[in-house]
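Try each task before reading its solution.

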Amino acid sequence: MTAPTSPLPPRRKLFIKTYGCQMNVYDSARMADVLAPQGFVSTPTPEDADMVILNTCHIREKAAEKVFSDLGRLRSMKTARRNGQDMMIAVAGCVAQAEGAEITARAPYVDILVGPQSYHRLPELVARADRKNGAVVDTEFPSEPKFDFLPAPRAEGPTAFLSVQEGCDKFCTFCVVPYTRGAEYSRPAVDVLREAQGLVAAGVREITLLGQNVNAYHGDAADGSTWGLGRLARALAEIDGLLRIRYTTSHPRDMNDDLMAAHRDVPQLMPFLHLPVQSGSDTILAEMNRQHTRDDYRRIIDQLRSYKSDIALSSDFIVGFPGETDADFKATIDLIEEITFAQAFSFKYSQRPGTPATAMKKHVAEEIKSERLAIIQALIDKQLDAFNESCVGRELDVLLTHKGRHDGQIVGRTPYLQPVYVTAEQTQIGKVARLRITEVATYSLGAEFVDAHAA
Ligand code: 5AD
Ligand code: SF4
């Protein structure tokens, strides 16, 4: 006699739209993982989806407002359906966490609201939403870490994100993250190593360790000690087949000696670092509660360059923070000129509800913010172009990651994270190839194989 089997759940199509940071990219993949046993399969567009999740970002006003316009579009799509098919709408991520009440008021047709720390409970929330009219809300910071309840992630191609740390205790005065993502938490090192081993066994060759403050990582290790990110990187480097390790995003305060030394000692740790400084003015840095000065930042960069002379740097800048004068802005420009970045991101200061900077005096006029943004972006673009140009003629090891848009074209990335296009067989995907950089295209590089037979 065969044992009775429980019926498979009906297949439902799931569309997830991700806004914002890489942490959200990771979270969206995990939401799909956690819903897969419930019969949810991914679909590339919302049109025919049974469930749509908007995994949202609250970091700047524009990102948050986009969610409401997308919700309006989904509502029209849902009401225009003539085939009787329902569309369950969920808002996840930091906007759900911070503006739950506003969402239920402005978009009462939303079925589920789930915060970034409770999405492991999605199957239960979906079951409740199936039974109920009106929004099912879970924006708690549960005592159980969600990671303990998520299935092992699936590898998709040779690169993967691995979340090791979450939340933030720094409270920069402009930033919503400490409120939306909660207190700092580090996953135990054994769990990280196990997840990394699983990914590598499934073909992953490059892992990017993620955290809002990833270099503040302090995870419990099997021997009872606490590991920092440098120690974790050294342990990950022992995994056979893991060729590249990266991490993002870091805070200057947590750039400790051991982590910097790991850049010298661990060949798998890529020579690229995203280290946001936000401003080059000590006055503004203090007002931002960054807990470091311009000189502290310089010293870190000097030390890193002494350990790894070719390390390429990236940063984030905010222009028009309250009280920012022309002289403060010039200090930022001077710092960029002095350090030289391979790439960087810059943003106009955006007032965020509940953050201390919102209540500060001397807000900067919108036109001045725009002017400063244009200046900073032109400088950053110039440095990016110069960095890309400096690579032409060089031979670089490129991890070939996926098919390009054109036939026979493969895309990869250099150790410095630049995208590279090369003509190669698809079988090369997942390999690290020695390529000669031949040209600079828009935000990318063209290349050829050093050994033509290898293509
Ligand atoms: N306004 C503008 N930019 C912001 N960032 C964070 N909060 C704000 C804000 N209120 C930027 C910072 C941070 C990046 C992720 O977003 O530069 O490093
Ligand atoms: Fe936000 Fe500052 Fe924390 Fe970064 S360190 S997440 S900018 S509060």
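**Exercise 1.** Which polar backbone atom is 2.9 Å from a nitrogen atom of ligand 1?

*Solution.* This is a predicted model, in which local features need pLDDT of at least 70, side-chain atom pairs count only at pLDDT 80 or more, and totals for chains, interfaces and linings use all residues. Residues are numbered from 1 along each chain as written, chains are lettered from A and ligands numbered from 1 in written order, and side-chain values use heavy atoms, without hydrogens and water.

- Step 1: the backbone atom belongs to F174.
- Step 2: a nitrogen atom of ligand 1 is also 2.8 Å from a polar backbone atom of S350.
- Step 3: turn to side chains, where an N or O atom of D316 is 2.6 Å from an oxygen atom of ligand 1.
- Step 4: alone, ligand 1 exposes 400 Å², and the protein buries 87% of that (Shrake-Rupley method, 1.4 Å probe).
- Step 5: strand 15 (312–319) and strand 16 (343–348) each supply at least two residues of the shell (strands are DSSP runs of E, at least two residues; helices are H or I, at least four).

**Exercise 2.** How do the axes of helix 12 and helix 13 cross?

*Solution.* 

- Step 1: the axes of helix 12 (residues 326–339) and helix 13 (residues 366–391) come within 11 Å and cross at roughly 5° (lines fitted to C-alpha atoms over the stretch in contact, with angles from 0 to 180 degrees between N-to-C directions).
- Step 2: helix 12 is therefore roughly parallel to helix 13 (angles under 35 degrees).
- Step 3: find the residues in contact (heavy atoms within 4.5 Å), among them F329 and I333 of helix 12 and I375 and L379 of helix 13.

Key:
Angles under 35 degrees count as roughly parallel, over 145 as roughly antiparallel, 65 to 115 as roughly perpendicular and the rest as oblique. A polar contact is a pair of N or O atoms within 3.5 Å; within protein, one must be able to donate a hydrogen and the other to accept it, and residues adjacent in sequence count only if both atoms are side-chain atoms.
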